[in-house]
Amino acid sequence: MRILLLSWEYPPVIYGGLGRHVHALAAGGHEVTVVTQHPDSSVDSPVPYEEVLRGVHVVRVRRTRRHCRAATSSPG
């Protein structure tokens, strides 16, 4: 099975135990991709924007101030 997971937390940004469960899916033979936030907006961050960790394809996107405001503002 191919699984795409959109999550606001994934290691190294940890709020819960999502990483453990996703790796279990990959170990079970599933093709797993996680799209999540990048922990640092600096271009020179040691955390890669894309990598494969224990069989899980991880894509981290950079947050911007504009995106943060849009996510927290209420309509109207």
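1. Glu-31 counts as partly exposed, at 47% relative accessibility; buried means under 20% relative accessible area, exposed over 50%, and partly exposed in between, with a 1.4 Å probe and protein chains only. The model is a predicted one, in which local features need pLDDT of at least 70 and side-chain atom pairs count only at pLDDT 80 or more, while totals for chains, interfaces and linings use all residues. Residues are numbered from 1 along each chain as its sequence is written, and side-chain values use heavy atoms, with hydrogens and water left out.

2. The side chain of Glu-31 meets that of Arg-2 in a salt bridge, at 3.5 Å from N to O (a side-chain nitrogen of Lys or Arg within 4 Å of a carboxyl oxygen of Asp or Glu). Glu-31 lies in strand β2 and Arg-2 in strand β1, so the pair ties together parts that are 29 residues apart in sequence. Strands (E, at least two residues) and helices (H or I, at least four) are DSSP runs, numbered from the N terminus. Arg-2 counts as exposed, at 70% relative accessibility.

3. The count of salt bridges comes to two. Arg-60 forms one with Glu-51, with the closest N and O atoms 2.8 Å apart. Arg-60 counts as buried, at 4% relative accessibility.

4. Helix α1 spans residues 18-27, and its buried residues are Leu-18, Gly-19, Val-22, His-23 and Ala-26. They cover an arc of only 125 degrees around the axis, which puts them on the same side of α1; the arc is that of the directions from the helix axis to the C-beta atoms. The face turned away from this buried side carries the exposed residues Arg-20, His-21 and Ala-27.

5. The buried residues of α1 pack against β1 (2-6), β2 (31-37), β3 (50-53) and β4 (56-61), where contact means heavy atoms within 4.5 Å. Just after α1, Gly-29 takes a positive phi of about 100 degrees.

6. The largest pocket has a volume of about 160 Å³. A pocket is an open set of points on a 1 Å grid over the protein atoms alone, where a 1.4 Å probe fits, with protein on both sides within 12 Å along at least five of seven lines; lining residues have an atom within 4 Å of a point. Ten residues line the largest pocket, and Trp-8, Thr-36, Gln-37, Val-61 and Arg-63 lie nearest its centre. The largest share of the lining, three residues, comes from β2.

Terms used:
Points joined across faces, edges and corners; volume = space filled by probe spheres on them.
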